[in-house]
Amino acid sequence: LRQGALYQRLTLDADVFGSVALSADGTIYAVDVNGKLYSYPHQRLHLNNIVWLRSERYRRWTVDLGYAPKTSPLIGAGGFVAVGGRSPDSILRLVRPDGELFNSVHMLGEALHFAASTADRSFYVTTSETGQGRLYRWTPFCDYLVSPDVCEQGLIQLFAQDTILTTPPLVAYGKVYVGDAAGRLLKVDPDTMQVEATFNADSAPRYGPIAAPGGAVVFISDQG
């Protein structure tokens with residue numbers, strides 16, 4: 001839309017899943033219900049060694065992720081795109097900006113809504129299954145065997161508890177926040193993956209959490 005009017009329609013091969021993602025260069029990424037990831041950058045006009053960006057977008061590439069999506073696309077540092085799905089447990093795939101599959105990681109349980117990423121190119125995902133919730137930290141660009149001093153935590157870190165998690169992760173103010181079915185918002189240290197503090201709500205956090213001004217974290221519980 002532009003100024004309230006339809007400007008351009010971007011067509012997918014199936015119904016869209018979740019929300020789209022917008023990169024710093026204006027590229028729109030979307031995933032459909034069949035697990036196909038789409039890239040829609042601005043059209044470019046090359047004239048006298050000068051590149052002009054047009055307002056219209058075009059379909060540059062698609063990637064078949066090989067599973068039904070469970071999270072909306074997330075753009076991490078360096079423009080890499082992460083999408084989680086289930087096949088049969090959760091899997092998070094990382095796609096390069098040029099459409100090449102880069103890496104993937106398998107996780108137990110079902111991924112929740114969105115992943116989160118940090119400037120050091122770590123990715124966080126919450127999963128849940130009957131009676132247990134897990135928070136994963138994945139560092140696909142850090143090879144522990146090659147650089148053990150830099151990658152002290154290794155490739156995968158895990159926080160698990162005997163209560164299912166109810167929200168995707170929020171990375172804010174140097175910490176990771178997740179909600180659980182016991183009506184708590186958990187504040188987790190991203191390095192140790194241990195709970196530092198909890199906030200007890202009237203019911204399970206369901207929507208959010210999101211970062212708010214002044215260092216606050218806001219969410220909506222089941223009781224509204």
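Which residue forms a salt bridge with lysine 36, and how far apart are the closest N and O atoms? I looked it up in what is a predicted model. The partner is aspartate 13, with the closest N and O atoms 2.8 Å apart. Lysine 36 sits in strand β3, while aspartate 13 belongs to the segment before β1, so the pair ties together parts 23 residues apart in sequence. Lysine 36 is partly exposed, because its relative accessibility is 24% and buried means under 20%. Aspartate 13 is also partly exposed, at 48%.

I read an open sheet of 4 strands, ordered β1-β2-β3-β6, with antiparallel pairing. Its edge strands are β1 and β6 (61-64), each of which pairs on one side only. From one strand to the next, the twist averages 15°.

I took the pairs one by one. Strand β1 covers residues 16-22 and strand β2 covers residues 28-32; 4 antiparallel bridges pair them. In that pair, I found alanine 21 opposite tyrosine 29 of β2. The two strands make a hairpin with 5 residues between them. Glycine 26 lies in the turn and has a positive phi of about 90°.

Next came β2 with β3, which spans residues 36-40. These two are antiparallel as well, again over 4 bridges. Here isoleucine 28 faces tyrosine 40 in β3. I kept one general point in mind for reading such strands: side chains in a regular strand alternate between the two faces of the sheet.

**Entry: the sheet from β17 to β20**

I looked at another open sheet, this one of 4 strands in the order β17-β18-β19-β20, paired antiparallel. The edges are β17 (170-172) and β20 (195-200), and each pairs on one side only. Neighbouring strands here are turned by 25° against each other on average, direction ignored.

Inside this sheet I checked β18 (residues 175-179) against β19 (residues 184-188). They run antiparallel and share 4 bridges. Valine 176 stands opposite valine 188 of β19.

I also looked for a charged pair in this sheet. Glutamate 196 forms a salt bridge with lysine 175, and the closest N and O atoms are 3.0 Å apart. Glutamate 196 is in strand β20 and lysine 175 in strand β18, so the pair ties together parts that are 21 residues apart in sequence. Glutamate 196 is partly exposed, at 42% relative accessible area. Lysine 175 is buried, at 17%.

**Entry: salt bridges in total**

How many salt bridges does a search of the whole structure find? I got 10. One more that I noted is between glutamate 129 and arginine 134, at 2.7 Å from N to O. Glutamate 129 is partly exposed, at 33%. Arginine 134 counts as buried, at 7%.

**Entry: serine 221**

Is serine 221 buried or exposed? I found it buried, because its relative accessible area is 9% and the cut-off for buried is under 20%. Serine 221 belongs to strand β22 (residues 216-221). I listed its side-chain polar contacts. One goes to the side chain of aspartate 202, at 2.9 Å. Another goes to the side chain of serine 203, at 3.2 Å. Leaving out residues up to four places away in sequence, serine 221 touches Asp202, Ser203, Ala204, Pro205 and Arg206.

I finished with the backbone. For background, most residues other than glycine have a negative phi, and most peptide bonds are trans.

Glutamine 3 is not a glycine, yet its phi is positive, about 55°. I placed glutamine 3 in the segment before β1. Glutamine 3 counts as exposed, with 83% relative accessibility.

Tyrosine 173 also has a positive phi, near 55°. Tyrosine 173 lies in the loop between β17 and β18. I read tyrosine 173 as partly exposed, at 42%.

Which peptide bond is cis? I noted the bond from glycine 208 to proline 209, with omega near 0°. Proline 209 lies in strand β21 (residues 205-212).

Notes
Residues are numbered from 1 along each chain as its sequence is written. This is a predicted model: local features need pLDDT of at least 70, side-chain atom pairs count only at pLDDT 80 or more; totals for chains, interfaces and linings use all residues. Side-chain values use heavy atoms; hydrogens and water are left out. Two strands pair if DSSP finds at least two bridges between them. Axes are lines fitted to C-alpha atoms, for helices over the stretch in contact, and angles run from 0 to 180 degrees between N-to-C directions. Buried means under 20% relative accessible area, exposed over 50%, partly exposed in between (1.4 Å probe, protein chains only). A polar contact is a pair of N or O atoms within 3.5 Å; within protein, one must be able to donate a hydrogen and the other to accept it, and residues adjacent in sequence count only if both atoms are side-chain atoms. Contact means heavy atoms within 4.5 Å. A salt bridge is a side-chain nitrogen of Lys or Arg within 4 Å of a carboxyl oxygen of Asp or Glu.
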